[in-house]
Structures are given as C-alpha cells and as structure tokens.
Amino acid sequence: MTRLTADLIKDVPSHVPRLDDELNDKIGMDMRTFACYAMDVDIKDLDFDRYTVAIVPVTSGGGVIGGFSASVAAAVGAMGMRSFVTGACDVTGVAEAFSSGADIIFMADDERFIALNTRTRSFSDNIWSTAKGYVTALKLAEGGLEGKTVLVIGAGRVGTEAVKILREEGASVEVTDILHKRSVTLENRFDNVKAKKDVKQAIKDNRLILNASPGLISGDLIQNGAVISSPGVPYAFDAEGERKAKVIIHDVLSLGVAVMAVSSVCLSLFNIPAAGVVAEKLVIS
Ligand code: PYL
C-alpha cells in the first residue's frame, strides 16, 4: 500500500465538501448514506452526531504525515460525527482521547490504520474498509456484480481484500499485478479467480475494473464505457482514460475513512479478515 505524503493529501480537507456531490453524481448517494449502505446499516439507526471521534497522530515509523490527521477529521466531520485531532501524539494522545470521552479513536502507524470503538472493544481497519467501500461503489455504478467479471489491478493488501469481497458479491475475478506470483497466490487460494500475467492486456480485456495499484494506467488501455473503482494512490488515469470510462470513482482517503467510521460503530468484533475473524454484526452501539 502506498504510504501517503503531505503532498498527496494536501487537498483532502478542501475537497471533502465536494465529495457528497461527486458521489451523488457517480453512484447516486452521499458519503454517509454510501458508508451505511456498504455496511448494510439502516442510516436511520445511526445518529452520527452522537459520536465523538478523536484522531491521534502517531510518530512511529515514517512519522506524522502533515495533514493526515486533519484530513481524517474532515472526512469524519463531514459524516456528521464530532471529530477532533488530539493535541498530543502517540500514547499521550490516546490518553487525551479517552479523557475527552471519545467514542471512536482513529490512529495509524505505517502498518495499520484503525478506528477503535472505546465502548465495544471493536475496531475497523482501513484495508478492509477501503476494499469494501470501493467494491460497493463499483457494484452501485455497475448496477450489480453478480455473474460478471471484474479485473483487480494490484494483488496487495487492498487488492486481496477486494478479491474476497468481489467473490462474495458473486463476481468472477481476474487479478493482475506486476509481481505475477502475487496474482498466482490468489488464484491458488480462491475459486473463480484467474491470474493474468499480461497487465496491459488484462486491462484492455476488462470493462469492470477495481484498481488497487499505485501505477499510472494509460488511457489507450481503457475500454470505452469502462466502469472503474480506484482506491489506488496516486490517481492513475489520464484525460483519455477519463474520456473513455463511463465512470471513475477515486479519492485519496475519505471513502475508506467513511466506511471505517460506520463499521467501527456497527461491528462488535472486527479484526482484519486476514486473521480469519469474520465480523459479527451488532446492533448499533
Ligand atoms: C492509511 C493510508 C492509506 C494509504 N496508505 C496508508 C498510509 O499512508 N499509512 C501510513 C499512515 C501514517 C500516519 C502517521 C500519522 O500522521 O499519524 N503515523
């Protein structure tokens, strides 16, 4: 997964207010409605303004990313939750979040980005939430994925979760990665998954695409009318790709954060699916 930079996320806070309109145009619902839909939660059951959300900057590994916590706070605030960035980082920041009565605490090191529910001992994970969000967006943009073939570009952590979720949606999956062995690993692990060695040919051959790679994708590979859901960072498409595609769904951080926010509220026990723990549904807490 690409490590974000201050430059990649510098426009997130100013872009958040436009996200609802962009999402409405592309999939017919605003961000909070979408996040509830992705998590199969009735939006009427979730009082967003009831939740206080703390974002704690974390200095480990590559250190704090300028604007990261503020961007998460902006995305969560746009959902209607009360969000703030703690003044302190790391453990002191977590103590501050608890002392402030935060219901949900977002924090990210270089390995994981989670939203911890302080009431239910549950947490949601950005990898799964991003995959769930972008598969759901593809499904909405396409009008359903049952019996259709979807190409996943990138067999990393988000791409792998997306393959699992696409199969749950009844889609057949082709997966391609510049490291072909990563695609073969998924082909060997799951039914209805085909590894495609020739990345460019795979893109040319597929109208439905979930792009979970950091690579740039030349527009001459894109089919006319392609439906593309693209969590990959940085943004992958050129003017020709944008002209030919029916829709391209992408944002740097907010869509995954929105799904994290809802899933941290509605799941009782949630570890990354790779741990084999299937999320159990709980009434909103
Ligand atoms: C969560 C993002 C999505 C894509 N890549 C992931 C990434 O950049 N992870 C590292 C996040 C580090 C945040 C830093 C801070 O500012 O608190 N520890």
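1. Start with Ile65: in this predicted model, one of its backbone N or O atoms sits 2.9 Å from an oxygen atom of the ligand. A polar backbone atom of Thr2 is 2.6 Å from a nitrogen atom of the ligand, and for a polar backbone atom of Val58 the distance to a ligand nitrogen is 2.8 Å.

2. On its own the ligand has 470 Å² of accessible area, and the protein covers 95% of that. There are 15 residues around the ligand, with Thr2, Leu4, Val58, Ile65 and Ala108 coming nearest. By class, the shell splits into 9 nonpolar, 3 polar and 3 charged residues.

3. Now the rings. The count of aromatic pairs comes to 3. Phe106 and Phe113 make a tilted one, at 6.0 Å centre to centre with 55 degrees between the planes. Both Phe106 and Phe113 are buried. Ring pairs also tie Phe68 together with Phe106 and Phe113 in a cluster.

4. Then there's Tyr235 with Phe237, an edge-to-face pair: the centres are 5.7 Å apart and the planes are at 70 degrees.

Technical notes. Residues numbered from 1 in each chain as written. Predicted model: local features only at pLDDT ≥ 70, side-chain atom pairs only at ≥ 80, totals over all residues. Heavy atoms only, no water. Phe/Tyr/Trp six-rings, centres within 6.5 Å; stacked < 30°, edge-to-face > 60°. Buried < 20%, exposed > 50% of the residue type's maximum accessible area, 1.4 Å probe, protein only. Near = heavy atom within 4 Å. Polar contact = N/O pair within 3.5 Å; in protein donor to acceptor, adjacent residues only side chain to side chain. Areas by Shrake-Rupley, 256 points an atom, 1.4 Å probe, with all protein chains shown as cover. Nonpolar A, V, L, I, M, F, W, Y, C, P; charged D, E, K, R; others polar.
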